[in-house]
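Please open the structure in your viewer and keep the selection tool at hand. This tour goes from stop to stop, saying at each one what to select and what is there.

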There are 4 protein chains.
Amino acid sequence: MTKPLVSPALTQFVAATNGRNMTQAAYVAVMTGLAMMILLTVDPAYNALHHWVDALLWACLAFFVFEWVVRLRQARLTDRVWDYVLSVRGLVDAAGALAVPLALAFGVTPKTAWLLGILWLLKVLPGIRGLRQLRRVLVQESGPLLSVLVIFLLVLFLASVAVYFLERDVQPATFGNIPAALWWAVATLTTTGYGDVVPITPLGRLVAAFVMICGLGVFGLWTGILATGFAAETRRDNFLKTWESVSKVPFFAALGPAAIADVTHMLRTMDLPSRTMIIRKGQAGDCMYFIAEGEVEVDLPGKKVKLGEGAFFGEMALLGNNLRSANIATTRVSKLLVLDLVDFRVLMARHPDLSQTIDAEAKRRELENQ
Amino acid sequence: MTKPLVSPALTQFVAATNGRNMTQAAYVAVMTGLAMMILLTVDPAYNALHHWVDALLWACLAFFVFEWVVRLRQARLTDRVWDYVLSVRGLVDAAGALAVPLALAFGVTPKTAWLLGILWLLKVLPGIRGLRQLRRVLVQESGPLLSVLVIFLLVLFLASVAVYFLERDVQPATFGNIPAALWWAVATLTTTGYGDVVPITPLGRLVAAFVMICGLGVFGLWTGILATGFAAETRRDNFLKTWESVSKVPFFAALGPAAIADVTHMLRTMDLPSRTMIIRKGQAGDCMYFIAEGEVEVDLPGKKVKLGEGAFFGEMALLGNNLRSANIATTRVSKLLVLDLVDFRVLMARHPDLSQTIDAEAKRRELENQ
Amino acid sequence: MTKPLVSPALTQFVAATNGRNMTQAAYVAVMTGLAMMILLTVDPAYNALHHWVDALLWACLAFFVFEWVVRLRQARLTDRVWDYVLSVRGLVDAAGALAVPLALAFGVTPKTAWLLGILWLLKVLPGIRGLRQLRRVLVQESGPLLSVLVIFLLVLFLASVAVYFLERDVQPATFGNIPAALWWAVATLTTTGYGDVVPITPLGRLVAAFVMICGLGVFGLWTGILATGFAAETRRDNFLKTWESVSKVPFFAALGPAAIADVTHMLRTMDLPSRTMIIRKGQAGDCMYFIAEGEVEVDLPGKKVKLGEGAFFGEMALLGNNLRSANIATTRVSKLLVLDLVDFRVLMARHPDLSQTIDAEAKRRELENQ
Amino acid sequence: MTKPLVSPALTQFVAATNGRNMTQAAYVAVMTGLAMMILLTVDPAYNALHHWVDALLWACLAFFVFEWVVRLRQARLTDRVWDYVLSVRGLVDAAGALAVPLALAFGVTPKTAWLLGILWLLKVLPGIRGLRQLRRVLVQESGPLLSVLVIFLLVLFLASVAVYFLERDVQPATFGNIPAALWWAVATLTTTGYGDVVPITPLGRLVAAFVMICGLGVFGLWTGILATGFAAETRRDNFLKTWESVSKVPFFAALGPAAIADVTHMLRTMDLPSRTMIIRKGQAGDCMYFIAEGEVEVDLPGKKVKLGEGAFFGEMALLGNNLRSANIATTRVSKLLVLDLVDFRVLMARHPDLSQTIDAEAKRRELENQ
């Protein structure tokens, strides 16, 4: 191992980027690189600033090459070089590090070669939260979505042949062949409607009108399918995130498993960083909180009370007292379970014992805080 | 306190505008100001009417300055000057009052300075009902919505670099740099399709077709997410509004808490102004009403019966007699709970005792009214 | 009464049009009138056919005048002249009968006067099924829909003032005043994108890009709200239509009221004209039918069996035998309740006694038909 | 029977295409034919390759004629010639086989005659999965969808007459007759917005703005209706597909029919080809599988275990052990029932006996595999 090449401090710095979220530095590099690449194509701006633009582009490239090298090295340390190289992340890193230099090496002009910097943008992909959820919806609903796509293509081809047949003699320049008619059809069926190629014969326009209305229909089908998929996925996602946490709250331990499944559907998980204000004194409150992980601090007059895992707070706002009576903030990274007023009512109605526990605790606290 | 400056009557008048809804006067001022501002830019109209336009603009400005001053003064009376000044409302009021005068003071031409009158439009924001509901949906669904936005931007940048590369040599005037390509991409991906910048190479058109279809997909995802969010929010909103009122109706008091939560999901709250006709004789009826607040007057032949809080009416139409038998109108601002025929049937089936109470009352009324 | 003016036969003929659905004749007249009105504006066609076009237009007008007169007369017979005249239907009839003659009388040129024939189109409105359902959704969701509309208008005005400010010096011809900018903004925010007015400054394009993305958002919100509303309305509508019919089927009489509400949610009502084939022999079947009104005829080999109100059929396809074994058609106008395979399974699981009744009947029929 | 005409091998080959899915060969022929037909219209490409293009077109045509003849012959063998000829499939086959030759025979120029090859595209229709589901949604929701269509047409006609009236004097070339105005209206109402015909008078633009906003509304309604329909259809479809399979899994036999209906709503059917990897060792797992048909092979260290119909696997990932512990692949075409983690939890909570069976089996397997 050639440790001298990369100093331990730098290794550590890059190691931090191996998590799920890209480090801030990488984001900054991507943004800077992209901005410079765009600037490169704007002649007046580039002529005025070309030293800066070039310097920043090379700096970004250096960063990405460096990042890739360090990650490769780390992968070698854990004997997973090929795993990394062939993973999506590894391929994106390699593309970001190698595409521009290779293009330059093969004699592509710099103005064109730097365009490959657009590949750096792919590095933000793993950082997008909710992407997994989107993908699941697309996979689950792929059947009907594909059907709609096939129908879309069918209408596209039928319409473009029809319009080609009807318009080719009148507008040989724009409807002179089927690919040109396809271009018109896709712009029309998606309701984009550039207007660069437009039928002018009565029959051609009739076909076009039909295509536009089909466009609305395709939209509607597509959206309907996705809306259905999202409703299911949102419910599922929330359940999975919440289930783990519910079991950690002693308050719910008394419930049987059927009731816990019930409760889990009602709760929402909230991940909070340290020192975040959750409840602000004097605001109207419409939910209560259970602490699944972490700790919060209640800012009572004259003293500060800390509540740890398993405790709950904010219940007074739901028991008639409509305004929050104290500031409450997290002291460290915390995971809270939120129970909405609506569900609180339903839950208390179904499980009177829970209702009593909360009432008793609320009264104890009120006495204590007087 | 310098009371002489603002007369008590005026203070009272403006005080009324401190509620949730802007007064009619402020709405009129906003509309007038906006209309005049638009007229100012239409040369023929302005030349003909410039005295009127100028006078009305200054009058509107005077109104907003006055409104702001009075509100500031009121805030001082309750020692909350900074609370008001830094609140959204305070900032909007200040912008409406100060933007135009400041611009004029700094030597901006009147034609440009008055354009800042568009800020007056922001004053209608707090008056929009349902805005809170919209905001909650956007907040709750911000995760997936942001993911879609990032995907949108990703496609935008990738497509514009690709099309720039493919079209720059053929159309240097319109695709000469990436910002121009981005302009094309955003108009295409949103399916707006101005048609001022259009790819003409076969490959460029292929990319464009792909971008358009992605546009449909982005639309669909966005809509699917929002539809899911709205379904949840509508249910929640209705429950919260209704819960408070249900407890005030003695009719439901006999039900246990679980059943009340059940009933609450079925009822819809309706806020009515005074002297509003609720039921018109002879119409077909498909819901019954409970009075949560206020009073209604039943216009029976020969006499008028008043029903107060806790009473119900309209049940006969649900018990077989399909047409409303009397006019019923509110006598003052009232809050009614509406029970749809569908839910009436389900509710009566589940709670036979309620069914009997309603039957008995309906029979009593029929006897009485003979 | 001046009976001689209108012959009884004609009165009877028109009386038939007083129902909910316009008679075929009126539809034909509307279509013909509209087609002729369109033809009137197409110079070459009109020059060639002007005798025919004029004759048909006058004929249609005569029909509508006649229809209106007869309806007025009928209303007089029942002393409801003003009820009819001021009803939506009456106003539409009057407009259809009077608009064109009045315009001609006031000296409007025929080519323009006949354009008012477009009002005839309004006569189809009462005939649209499902319109009531659409209206209910719009009313129920009017709150959030209006909020979205206000946001739409807000973005519209803010964007057009911004773009007017940014583009007026560069494109005085197209962005010379705010109304012109508003025209651009509405075409952009609705993602129509004519392209006749397009910003060309970088900042103007940035604002435009923002407006387009807002357009997607407005679309999404609008659709989300309507989708939510429709889901609720569809469920409600089906329940109401079905409830009445369920009580007429003795088969369900054994169920308690809670179960009936349950069953009602599962059934779908189907109104069929006389002599309609419901089941075709040899087809795959996935639902069974209950007869709420009317009669069906089962075409068994060698004999025809009639089933009347309260009977059920098609159950064999659900009990394992996947293909329909006989043709079944209505003998007169009938109302059927359809039970889907999915719900059949759930229903049979919940109510084993129903299951036995159906099994017994199915076996009896099989024996009989051997 | 004239067997010599078609060899048995060929008959067999075509027989395979009589199933629900077109054979690969037919797909290839459709794609090739379509590509050649498009190439035929592109002059430079056709001039260069005309021998190839012509040859391939004739080859495709020959294939479709051959396919049709063989199918006709097979239909004759089973005495169903007319059934086949008049079925959708038969008509499509006939059109594909006869349209081009007939056109050529009637003296149509080859360039035009071959355009009829677009009819070959219809042959892919029966192969689209989910088409039946789409059709059912369209049928079920046809009522409200038609209402929206009628409203669409109403707005279309009203708007085009209004704009024709307002613009005909200013733009006689583009708004000179109502068909031209209709063309504008349809492009606007669908938010396509070509921009070839655009109103320029203030009132005309006001009407246009209204039409665009209506366009958004129509979109929203359409989508809302389809989304509602899809949600219902997806649930129904899944239930039907799953119900058959559930009864084959002995594991669920212990449940009563009500619970089985319950379970069926939770399971998802998955059809897998032979030799497909279902579970990959080391991945995170969030579902378990029941084998309804087929067989899987578990790749344990040192041995391979086969699981047949009725067995389940993947349960360990749901019982705390979050990572899959072995590769599992199908050995032949299999139908699996997937139980999501969410539903697994709910199911186990409701049916403790199932929970014990799974626990016991999981423990037995763990002991065995040590």
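## How the chains are related

Begin by selecting chain C and chain B together: a rotation of 90° with 0.1 Å of shift along its axis superposes chain C on chain B, with an RMSD of 0.1 Å. This is the relation of a four-fold axis, and the two copies use different surfaces, since 19% of the contact residues of chain C recur in chain B. Keep in mind throughout that you are looking at a predicted model.

## Where the chains touch

Stay with chains C and A for a moment and look for their contact, to which chain C gives four residues and chain A gives four residues. On the side of chain C, these are one nonpolar residue and three polar residues, with no charged ones.

Now return to chains C and B, where 42 residues of chain C are in contact with 43 residues of chain B. If you color chain C by element, you can find helix H8 (142-167), helix H9 (178-189), helix H10 (202-246) and helix H12 (257-266), the elements that each give two or more residues to the side touching chain B. Which of them gives the largest share of that side? It is H10(C), with 20 residues. Sorted by class, this side of chain C holds 28 nonpolar, twelve polar and two charged residues.

Zoom in on C:Val163, and, leaving aside its neighbours within four places in sequence, you can pick out its contacts, including C:Phe175, C:Trp184, C:Pro199 and C:Val207.

## Annotated spans of chain A

For the next stop, select residues 25-46 of chain A, which belong to the "transmembrane region" annotation in the unreviewed UniProt entry. This span is 95% helix and 0% strand, and its end C-alpha atoms lie 25 Å apart. The same annotation also covers residues 82-106 of chain A, a span that is 92% helix and 0% strand, with its end C-alpha atoms 26 Å apart.

## A sheet in chain B

Moving to chain B, show the strands and find the open sheet of four strands, which is antiparallel and runs in the order S1-S8-S3-S6. Strand S1 (268-272) and strand S6 (312-313) of chain B stand at the edges with a single partner strand each, so one side of each is left without a neighbour in the sheet.

Most residues other than glycine have a negative phi. Select A:Thr191, which has a positive phi of about 55° and lies in the loop between helix H9 (178-189) and helix H10 (202-246) of chain A. Finish at B:Asp79, whose phi is also positive, near 55°, in the loop between helix H3 (43-77) and helix H4 (81-86) of chain B. Are these two residues buried or exposed? A:Thr191 counts as buried because it has 31 C-beta neighbours inside 10 Å, whereas B:Asp79, with 8 such neighbours inside 10 Å, counts as exposed.

Note on methods: Residues numbered from 1 in each chain as written. Chains lettered and ligands numbered in written order. Predicted model: local features only at pLDDT ≥ 70, side-chain atom pairs only at ≥ 80, totals over all residues. Buried ≥ 20, exposed ≤ 12 C-beta atoms within 10 Å, placed from the backbone. Contact = placed C-beta atoms within 7 Å. Nonpolar A, V, L, I, M, F, W, Y, C, P; charged D, E, K, R; others polar. Least-squares fit on C-alpha atoms with pLDDT ≥ 70 in both. UniProt positions renumbered as here; feature names shortened; annotations may be inferred. Pairing = 2+ DSSP bridges.
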